[in-house]
Structures are given as structure tokens and as C-alpha cells.
Amino acid sequence: MSLVQKWERCMEQSDKERRPIRVLIIDRSILTLQGIKDFFSRSHHIEIIGMAGTRQEALHAIHAEQPDLVLVEAQVGQDSGIELCKTIRQLHPQVRVLFFTTQDDKDVLRAAIMAGAHGYLLKSATAESITKSLEIVASGGAIMDQHLTEQVIQWLRDGRTSGHEQWKKTCSSEERHLLSLVASGKTNKEIGQELNVAHTVIASRLQKIYKRLRISRRSEAARYYVDLEQKRQNGPGPFCSE
């Protein structure tokens with residue numbers, strides 16, 4: 001089911017069945033804070049439970065109110081909204097984070113995504129777009145302002161050329177070989193027999209690799225290896241000169 005279909009399905013539910021989305025706004029701009037609060041005061045589906053103007057106020061409000069979603073600016077006074085997003089995702093992983101900002105810089109967008117944000121929306125968005133974005137993010141989806149599509153495409157293009165160096169820095173040739181065996185569908189026992197080591201040793205080595213790559217499952221490790229192998233084959237220059 002697409003994000004739009006998920007949103008439309010959510011909208012089709014009756015008012016009685018739908019619990020309002022509890023939103024905390026994190027922004028130093030009084031106009032933004034009051035404007036959003038006034039706009040959603042007429043909505044039965046979105047409830048503004050509080051507003052915060054600093055990092056400390058935001059973390060206190062999240063702990064006390066347990067919102068479903070937070071709207072956060074990329075820069076909250078002297079505090080970084082990016083760093084705040086990281087903290088929220090670490091301390092309150094159940095809370096969805098949607099950036100609502102004036103900054104359309106691709107580096108800020110990239111930082112927000114890497115920090116764990118579920119969406120990135122510009123303040124120039126229409127009221128309908130804001131409402132729809134909140135619904136999508138709150139229902140488990142992700143959203144990005146349509147005006148930033150080209151910037152994301154460029155980011156992916158840039159990452160394609162840098163992936164080879166990152167791969168070399170991240171994994172040794174021995175670890176790459178180990179991941180290639182995982183990608184081929186072999187079990188730890190089968191890999192151990194092929195490499196003439198105990199399967200428990202293989203499991204331990206894989207766990208260390210998974211931790212460094214920030215993955216948790218065998219399928220993710222296989223996909224990681226396949227994706228970077230494709231980059232190696234399609235990218236310019238030699239893959240490795242170890």
C-alpha cells in the first residue's frame with residue numbers, strides 16, 4: 001500500500017474511530033507556533049498538545065506528554081534541530097519526527113534524514129499539505145516536500161561515487177568475503193565448514209560487522225553487500241587497491 005493510499009484509508013475512517021494525532025511543536029518562531037496552533041484548533045484529527053522553544057523545553061514536554069509526533073525547525077534558537085532529532089529518536093523511538101522548516105538546503109535535508117527524521121516539510125507548504133504530511137507520518141509513513149526532490153536525487157548521485165571509498169574503509173577483504181558468503185545464502189555452519197572455523201566464530205565475526213554497519217539482520221547484510229557490489233561495478237575507476 002502506498003503512502004497516499006494509507007493516508008486516504010486513514011481519512012476514510014469515521015471520526016469516532018480515529019484518535020486525534022497528538023502533536024508537539026518545537027520552534028522559536030512565535031508566528032509559526034501560534035499560526036499552526038490556530039490552524040489546527042479547528043481540526044478534529046490533530047491535537048496540538050504543547051509548544052516548545054528550546055531543547056530543554058522540548059525534551060521535558062516529550063517526556064511529560066508523550067506526543068505521537070513532533071514538528072521541529074532545523075534550528076531552534078541556539079539549539080540544533082538535527083541534534084535534537086537524534087536525541088528524540090534515541091530516548092523516545094516511538095515518537096515520530098517531522099521537520100517543518102524554512103531551510104531548503106540539501107545538506108540540512110541530508111542531516112535530518114541521517115538523524116532519523118520521518119519527514120521534511122518546508123514552511124511554504126499549503127495547509128492541506130501540512131495536514132496530509134502529519135497524517136502520513138503519524139500512520140507510519142515518511143514524507144518529503146516535493147520541492148526538494150531534485151536535491152535528494154543529487155544526493156543519491158553524489159553518494160554513488162563515494163560509496164566505493166566508504167566500502168573500502170568499512171570492511172576488510174576478509175569481511176567482504178564473509179558477507180559475500182552470507183549474500184549467497186549460506187548458513188553460519190556452512191560458512192564455517194568452508195573457512196574451516198567453528199560456526200560460533202563466524203557468528204561472532206558477523207555480529208561485529210553488523211554492529212559497525214548498523215544493521216541487525218542477515219537479509220540486511222546480504223542487501224548491503226549486493227548494493228555496494230553494484231556500485232563497484234557501475235562506478236568509475238578500480239574498486240580496490242589493497
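Predicted model: local features only at pLDDT ≥ 70, side-chain atom pairs only at ≥ 80, totals over all residues.
**Entry 1. Thr-101**

I began with the contacts of Thr-101 (heavy atoms within 4.5 Å): leaving aside neighbours within four places in sequence, Thr-101 is in contact with Glu-73, Ala-74, Tyr-120, Leu-121, Leu-122 and Lys-123. I found Thr-101 in strand E6; helices (H or I, at least four residues) and strands (E, at least two) are DSSP runs, numbered from the N terminus. Thr-101 counts as buried because its relative accessibility is 0%.

Residues are numbered from 1 along each chain as its sequence is written, and side-chain values use heavy atoms, with hydrogens and water left out.

**Entry 2. The whole chain**

I counted 11 helices and eight strands in the protein. Of its 242 residues, 40% are buried. Among contacts with a separation of 6 or more, 67% join residues 24 or more positions apart.

I then turned to the loop between E1 and helix H2 (30-40), where Asp-27 has its place. Asp-27 has 4% relative accessibility and therefore counts as buried. Not counting residues up to four places away in sequence, Asp-27 touches Thr-32, Leu-33, Ala-52, Gly-53, Glu-73, Phe-100 and Lys-123. With Lys-123 there is a polar contact, side chain to side chain, at 2.7 Å. I took a polar contact as a pair of N or O atoms within 3.5 Å; within protein, one must be able to donate a hydrogen and the other to accept it, and residues adjacent in sequence count only if both atoms are side-chain atoms.

From the C-alpha of Ser-29 to that of Gly-77, 48 residues apart along the chain, I read 8.9 Å.

**Entry 3. Nonpolar cores**

Which residues touch the most other members of the largest nonpolar core? They are Ile-26, Val-70, Ile-88, Phe-99 and Tyr-120, in a core of 26 residues. At least two residues of this core come from each of strand E1 (21-26), helix H3 (55-65), strand E3 (69-72), helix H4 (81-91), strand E6 (96-101), helix H5 (106-114) and strand E7 (119-122). A nonpolar core is here a set of buried Ala, Val, Leu, Ile, Met, Phe, Trp, Tyr and Cys residues joined through side-chain atoms within 4.5 Å. Val-70 touches Leu-24, Ile-26, Ile-62, Ile-88, Val-95, Arg-96, Val-97 and Leu-98, not counting residues up to four places away in sequence. Apart from this core lies another, of 17 residues, including Val-23, Leu-33, Phe-40 and Leu-69.

In helix H4 I also looked up Thr-87. Thr-87 counts as buried because its relative accessibility is 13%. Beyond four places in sequence, Thr-87 touches Arg-55, Leu-59 and His-92.

**Entry 4. The second largest pocket**

I read a volume of about 210 Å³ for the second largest pocket. Its lining has 13 residues, of which Leu-121, Ser-129, Met-144, Asp-145 and Gln-146 lie nearest the centre. Helix H6 (127-138) and strand E8 (143-144) are the elements that give two or more residues to this lining. H6 provides the largest share, four residues. By type, the lining divides into five nonpolar, six polar and two charged residues.

For terms: on a 1 Å grid over the protein atoms alone, a pocket is an open set of points where a 1.4 Å probe fits, with protein on both sides within 12 Å along at least five of seven lines, and lining residues have an atom within 4 Å of a point. Grid points are joined across faces, edges and corners, and a volume is the space filled by probe spheres set on the points. Ala, Val, Leu, Ile, Met, Phe, Trp, Tyr, Cys and Pro count as nonpolar, Asp, Glu, Lys and Arg as charged, and the others, Gly among them, as polar.

**Entry 5. Positive phi**

Phi of Gln-66 is near 50°, and Gln-66 lies in the loop between H3 and E3. Asn-196 has a positive phi of about 65°, in the loop between helix H9 (188-195) and helix H10 (199-213). Asn-196 counts as exposed because its relative accessibility is 69%.

Notes. Buried < 20%, exposed > 50% of the residue type's maximum accessible area, 1.4 Å probe, protein only.
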